[in-house]
Amino acid sequence: MKSTSLARLEVLMVEKCNKLLKKKTYMQQMEKDAQLKQMDLISFVKIVKKYKKIFCIALSIVFIISAVYIYSVPRYYTTETSLAPEEESNSFSGGQLNSIASSFGIDLNNMNSTDAITPLLYPSLMDDDKFVVDLFKIKIRTIDNTIVTDYYSYLTKYKKSSWISKCLKGITSFLKSSYTTNKAYDAAKTPYCLSKKDAEIVTEIKKDIRISVDKATGVITVFATAQDPLICQILADSVTQNLKTFIINYRTAKAKEDVEHYKRLMDESLDIYRKARNQYAYYADANNDVMLESVKSKLEELENDMQLKYNQYTSYNTQYQIAVAKLREKTPVFTKLQGASVPQKPAGPKRILTIIGTLLFTFFIILAIIISKQLLKNSK
């Protein structure tokens, strides 16, 4: 029994010693790591001090260049407006079910829709040159009222650009002028056959204006960017109005055709009825005192014909009224959820952050080059 207890005691003592050794080893490793980190920090500071002239010169040059460049880039403003189209009464899904389905990429609002263009395709309208060309004629003005013109003239004559972009544009235009032609087209008449200048303007507008649709709620949001805050707000409202007009025209195109068709038939039948009525009245007045059966028969025939023409007119009139009611039913109604406000602060460029980021990038690039050179020397 004593030997067994002594053996257990020895085992416990060995385990305790092993734990103490492991703890001591761990503490020693932690001290070594701390020393290495301290050494790395010291060596880092030494490198910076050793090559401080290089850092100062390089960072000074980069600071001047980045400051000159970023302050030459015109500031721009961004605003947004959102609207919600009226949901049809026979909509398939409720709000909560629609939200769940949209998380799987399913739009229940459009499952039973026969429309070729669903709300999810509205952002693609900015890819259509005709839709963008229609924005050329938007009347805009700057917040200080110094410029009042249309959007196309503003982009071609008054929009600012940095001196670097002007130089690059001048060089490229000079190099291309020798072998390219710039045939003039009327953008309003040929929106899908634009000149080089108008194509560049269209590309620029597509970058400044964006349309998005929330899959869950169906809310349409229009984002606009411009160098003037008031122009930014005018663009957002105008694009929203053009989008509403497009949606209304698309949704009501068939109903409008039906209204025009039944209106034409109603007018034609009304003219025919009036001629038949005048013919009956003239014949009745001319034979008022005649009692011949042939006259009575002719008068009855004219009366029946007049009645048929009237019934036809009444039928077309009823169909016309139904078509008008369907047109009103098909015309979507939009609720503006958020109006476009005139932004108070520019959205960019972030000048201070750009300069700081450029300096940090340059600093670490120089540091990496110096360390890599030292490593190459040490390896030799």
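**Sheet and core packing**

In this predicted model, strand β4 is joined to strand β5 (residues 220–226) by five bridges, and the two run antiparallel. Within this pairing, I211 has V222 of β5 as its bridge partner. Helix α7 (residues 196–208) lies across both β4 and β5, and runs at about 45 degrees to β4. Helix α8 (residues 229–286) packs on the sheet, where α8 touches β1 (77–85), β4, β5 and β6. The direction of α8 makes about 145 degrees with that of β5.

The sheet is open and consists of four strands in the order β4-β5-β1-β6, with antiparallel pairing. Its edges are formed by β4 (209–213) and β6 (334–338), each of which pairs on one side only. From one strand to the next, the twist averages 25 degrees.

The largest nonpolar core comprises 37 residues, of which I205, I211 and I220 touch the most other members. At least two residues of this core are supplied by each of α4 (129–133), α5 (151–158), α7, β4, β5 and α8. Helix α8 provides the largest share, nine residues.

Residues up to four places away in sequence being left out, I211 touches Y122, P123, M126, F131, I220, T221, V222, V239 and L243.

Definitions and conventions. Residues are numbered from 1 along each chain as its sequence is written. This is a predicted model: local features need pLDDT of at least 70, side-chain atom pairs count only at pLDDT 80 or more; totals for chains, interfaces and linings use all residues. Side-chain values use heavy atoms; hydrogens and water are left out. Two strands pair if DSSP finds at least two bridges between them. Axes are lines fitted to C-alpha atoms, for helices over the stretch in contact, and angles run from 0 to 180 degrees between N-to-C directions. Contact means heavy atoms within 4.5 Å. A nonpolar core is a set of buried Ala, Val, Leu, Ile, Met, Phe, Trp, Tyr and Cys residues joined through side-chain atoms within 4.5 Å. Buried means under 20% relative accessible area, exposed over 50%, partly exposed in between (1.4 Å probe, protein chains only).
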